[in-house]
Amino acid sequence: MDSLASNPAFVAFAILCIALWLNLLGVWVLSGVARAKSKTAINPEDSERFNAPLVDTDPPAVARVIR
């Protein structure tokens, strides 16, 4: 393990993996917040579970977060 930690390529890889994971987590949280604010669902399971109206496309706020 010491040889991996001293390898600059592995250190760069590990840092980029953490950065991408944080980006994914941020998009996941922000899109969930935007969906909760719009109170809509795009699939029938969520529509039934959260008692939200079913829509065909994402609301503009959710689409903006995902883009």
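Modeller: Gladly! Let's start with a term: contact means heavy atoms within 4.5 Å. Keep in mind that this is a predicted model.

Biologist: Which residues is Ser47 in contact with, leaving aside its neighbours within four places in sequence?

Modeller: Ser47, which is found in helix H3, is in contact with Ala41, Ala52, Pro53 and Leu54.

Biologist: Is Ser47 buried or exposed?

Modeller: Buried means under 20% relative accessible area. Ser47 has 14% relative accessibility, so Ser47 counts as buried.

Biologist: Now for charges. How many salt bridges does a search of the whole structure find?

Modeller: Side chains of opposite charge can pair when their charged atoms come close. Here the search finds one salt bridge. Asp58 forms it with Arg35, and their closest N and O atoms are 2.8 Å apart. The pair links distant parts of the chain, 23 residues apart: Asp58 lies in the loop between H3 and helix H4, and Arg35 in helix H2. Asp58 is partly exposed at 27% relative accessible area, and Arg35 is partly exposed at 25%.

Biologist: And how much space lies in the largest pocket?

Modeller: Rolling a probe the size of a water molecule over the atoms shows where empty space is left. In this model, the largest pocket holds about 220 Å³ of space. Helix H2 and helix H3 are the elements that give two or more residues to its lining. Among the lining residues are Arg35, Ile42, Asp46 and Phe50.

Biologist: What kinds of residues make up the lining of the largest pocket?

Modeller: Five are nonpolar, three polar and three charged.

Key. Residues are numbered from 1 along each chain as its sequence is written. This is a predicted model: local features need pLDDT of at least 70, side-chain atom pairs count only at pLDDT 80 or more; totals for chains, interfaces and linings use all residues. Side-chain values use heavy atoms; hydrogens and water are left out. On a 1 Å grid over the protein atoms alone, a cavity is a set of points where a 1.4 Å probe fits but cannot get out, and a pocket is an open set with protein on both sides within 12 Å along at least five of seven lines; lining residues have an atom within 4 Å of a point. Grid points are joined across faces, edges and corners, and a volume is the space filled by probe spheres set on the points. Helices (H or I, at least four residues) and strands (E, at least two) are DSSP runs, numbered from the N terminus. Ala, Val, Leu, Ile, Met, Phe, Trp, Tyr, Cys and Pro count as nonpolar, Asp, Glu, Lys and Arg as charged, and the others, Gly among them, as polar. Buried means under 20% relative accessible area, exposed over 50%, partly exposed in between (1.4 Å probe, protein chains only). A salt bridge is a side-chain nitrogen of Lys or Arg within 4 Å of a carboxyl oxygen of Asp or Glu.
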